[in-house]
Amino acid sequence: MKTIQAYRYALDLTPAQDRDVYAHVGAARVAHNWALAQVKAVMDQRAAERSYGVADELLTPSLSWSLAGLRKAWNAAKPEVAPWWAEVSKEAFNTGLDALARGLKNWADSRSGKRSGRPVGFPRFKSRRRATPSVRFTTGAIRVEPDRKHVVLPRLGRLKLHESARKLARRLDDGVARILSATVRRDGGRWYVAFTVEIERTERAPARPKSVLGVDVGIKHLAVLSTGELVANPRHLAGAQQRMRTLGRSLSRKAGPDRRTGQRASKRWERAAARLGRVHVRVANLRRDGLHKLTTRLAATYGTVVVEDLNVTGMLANRKLARHIADAGFAEIRRQLAYKTGWNGGRLLVADRWYPSSKTCSGCGAVRTKLALSEREYQCEACGLIMDRDRNASLNLAALAAELNTAGSGPVAARGADRKTRVRGRVALKREPGTASAGQTGTVPPQGGTADHVLTQAH
Ligand SMILES: [Zn+2]
């Protein structure tokens, strides 16, 4: 199975290398902004000419918006626009032009209706302050050094990694991996290099292919499994979150920037913001690490994993930090499970957002009309069941998948005659776009917000 995977490592750069990387990032921005200005100028010129009644064939020729077209225009202009162009890798300019070409295409597709989703705005000029500094290398010498602690990138040369790249190096040595590109990016006050790698993965099967597991992402715990297991939050997470709150308060007491008055941020504000940014990164890293360990284990063990589509409770106006973090973790756990179950020969099912996993009793199937977020215990008025709220939800998700399994071969198996059957009619499977396929069944579009709860195949 061929997959595209990313390997990301923190870099330890010397001051000279730091300047070098910034020069490349700046070059990407210069090329991007120059090309954007050209595109805008030609568009304005043509609009003006049209308003004078100039015939279409006599208009100023429009600029090609493709990467090749932009590159050609840039190469013709660069001796004048950037006489220093030879000092940086041509990949730097390519980074900026590629970003612009994609931005223009997305905007055009969005306007013509070819691209769904939120409308995409016209590309904007990149500013040194706002844009995330990054530069991407696709050609030239890109490799991991034999010591596995250094990488070599075009022009930038040999860069020290903060951690060992042994996992990637092993795959490269075995000839099952091929580096497609390397991106150097600044994130939370640090430089990282991310390799995009094509990997030939061996086919695997989960340890228990017939088993079904429901997963509910919690606040107090990282996740609650339908097996009853509570997966604890990573160590030090609570401490980092506490520090995040403290620093957030400290930041709010300092003089920040103000767009309306043009007030620049104070030095103290900038330092406090940088401190807070670093803690944010640490919290995100701790959580991501915990989620990776969890999802790897689940995908290796269970044949079917079921999660909820969207955290409905999170959509209620709730500005609590903890809730916010749980939501972020929720999206991440789902993303990781989607590709990891694919790698392991399992499958991920997503219960649609209307499925009341929290409000349904896992014992008798009765559905409560209301369940306050503060109620951490589920209490069933019909059968008297009392259970941890998240555990109850995870059991419902697992049961939903079990019903799906039987739905293909015959009538939906009702677990007892005296209660409502929760999966009515057909159960639809839909393949999530953009994820690797594992050879699954056909597609039936979801029915919308009806009582039929739809399970979506996430890969
Ligand atoms: Zn009940």
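A: A crossing is left-handed if the near helix is turned anticlockwise from the far one by less than a right angle, and right-handed if clockwise. Here H1 and H3 cross in the right-handed sense. Before we go on: this is a predicted model, where local features need pLDDT of at least 70, side-chain atom pairs count only at pLDDT 80 or more, and totals for chains, interfaces and linings use all residues. Residues are numbered from 1 along each chain as its sequence is written, and side-chain values use heavy atoms, with hydrogens and water left out.

Q: Which residues of H1 and H3 make the contact?
A: Contact means heavy atoms within 4.5 Å. From H1 you have His24, Ala27, Ala28, Ala31, His32, Ala35, Leu36, Val39 and Met43, and from H3 Ala92, Phe93, Thr95, Gly96, Leu97, Ala99, Leu100, Leu104 and Trp107.

Q: How do the residues of that H1 and H3 contact divide by class?
A: Ala, Val, Leu, Ile, Met, Phe, Trp, Tyr, Cys and Pro count as nonpolar, Asp, Glu, Lys and Arg as charged, and the others, Gly among them, as polar. The H1 contact with H3 has 14 nonpolar, four polar and no charged residues.

Q: At what angle do H1 and H3 pack?
A: Axes are lines fitted to C-alpha atoms, for helices over the stretch in contact, and angles run from 0 to 180 degrees between N-to-C directions. Helices (H or I, at least four residues) and strands (E, at least two) are DSSP runs, numbered from the N terminus. Helix H1 (residues 15-51) packs on H3 at about 40 degrees, the axes being 7 Å apart. Angles under 35 degrees count as roughly parallel, over 145 as roughly antiparallel, 65 to 115 as roughly perpendicular and the rest as oblique. H1 and H3 are therefore oblique to each other.

Q: And how do H2 and H3 cross?
A: The axes of helix H2 (residues 67-81) and helix H3 (residues 90-112) come within 9 Å, crossing at roughly 135 degrees. That makes H2 oblique to H3, and their crossing is right-handed. H2 brings Leu67, Leu70, Arg71 and Trp74 to the contact, while H3 brings Phe93, Asn94, Leu97, Asp98, Leu100 and Ala101. By class, the H2 contact with H3 has seven nonpolar, one polar and two charged residues.

Q: On to sheets. What is the strand order in the open sheet of seven strands?
A: Two strands pair if DSSP finds at least two bridges between them. The open sheet of seven strands runs S2-S6-S7-S1-S5-S4-S3, with antiparallel pairing. Strands S2 (134-137) and S3 (143-144) are at the edges with a single partner strand each, so one side of each has no neighbour in the sheet. Strand S1 (residues 2-12) is joined to strand S7 (residues 190-200) by nine bridges, and lysine 2 stands opposite glutamate 200 in S7.

Q: Last one: is strand S12 enclosed or open?
A: Buried means under 20% relative accessible area, exposed over 50%, partly exposed in between (1.4 Å probe, protein chains only). Five of the five residues of strand S12 (residues 347-351) are buried, so S12 is largely enclosed by the rest of the structure. Arg347, Leu349 and Ala351 point one way, Leu348 and Val350 the other. Arginine 347 counts as buried at 15% relative accessibility. Alongside, strand S11 (residues 302-308) runs parallel to S12, joined by five bridges.
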